[in-house]
Amino acid sequence: DKMFPALGFGAQLPPDWKVSHEFAINFNPTNPFCYGVEGIAQAYSACLPHIRFYGPTNFAPIINHVARFAAQALQQEKAAVGNSSSPVLFYI
């Protein structure tokens with residue numbers, strides 16, 4: 001379906017400017033999915049004027065999020081198809 005969750009990390013977010021190391025770049029935490037690479041690039045460009053980068057960057061929350069997501073997807077696929085697996089792609 002070409003829908004990908006797109007998450008950002010290491011930024012202060014409006015309205016209270018609290019630091020987040022795991023946020024949906026489309027600012028929709030219940031549906032962080034974007035359509036294709038172009039959708040990810042558009043969401044990233046749209047979020048930049050609304051955030052403040054913040055360091056040091058803590059990668060642990062985003063890595064744990066992706067690991068949980070991959071484990072859940074694998075379990076769902078095994079239940080639906082049997083004992084198969086699918087690749088997970090993660091960019092930093």
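User: Why is Cys47 called buried?

Analyst: In this predicted model, Cys47 has a relative accessible area of 1%, and since buried means under 20%, Cys47 is therefore counted as buried.

User: What makes Cys34 buried or exposed?

Analyst: The relative accessible area of Cys34 is 6%, which is again set against the cut-off of under 20%, so Cys34 is called buried.

User: How do you know how many disulfides the structure holds?

Analyst: A disulfide needs two cysteine sulfur atoms within 2.5 Å, but the sulfur of Cys34 is 9.6 Å from the closest cysteine sulfur, which belongs to Cys47, and this is too far for a bond. The structure accordingly holds zero disulfides.

User: What does Ala11 touch, leaving aside residues up to four places away in sequence?

Analyst: Ala11 is in contact with Lys18, Val19, Ser20, Phe23, Ile51, Arg52, Phe53 and Tyr54.

User: Why is Phe53 called exposed?

Analyst: Phe53, which lies in strand E7 (residues 52-53), has a relative accessible area of 56%, and because exposed means over 50%, Phe53 is called exposed. Together with Tyr44 and Leu48, Phe53 forms a nonpolar patch on the surface, and the accessible area of the three together is about 300 Å².

Notes
Residues numbered from 1 in each chain as written. Predicted model: local features only at pLDDT ≥ 70, side-chain atom pairs only at ≥ 80, totals over all residues. Heavy atoms only, no water. Patch = residues over 30% accessible without salt bridge, like charges linked within 9 Å, V, L, I, M, F, W, Y side chains within 5 Å. Areas by Shrake-Rupley, 256 points an atom, 1.4 Å probe, with all protein chains shown as cover. Salt bridge = Lys/Arg side-chain N within 4 Å of Asp/Glu carboxyl O. Helix = DSSP H or I, 4+ residues; strand = E, 2+ residues; numbered from the N terminus. Buried < 20%, exposed > 50% of the residue type's maximum accessible area, 1.4 Å probe, protein only. Contact = heavy atoms within 4.5 Å.
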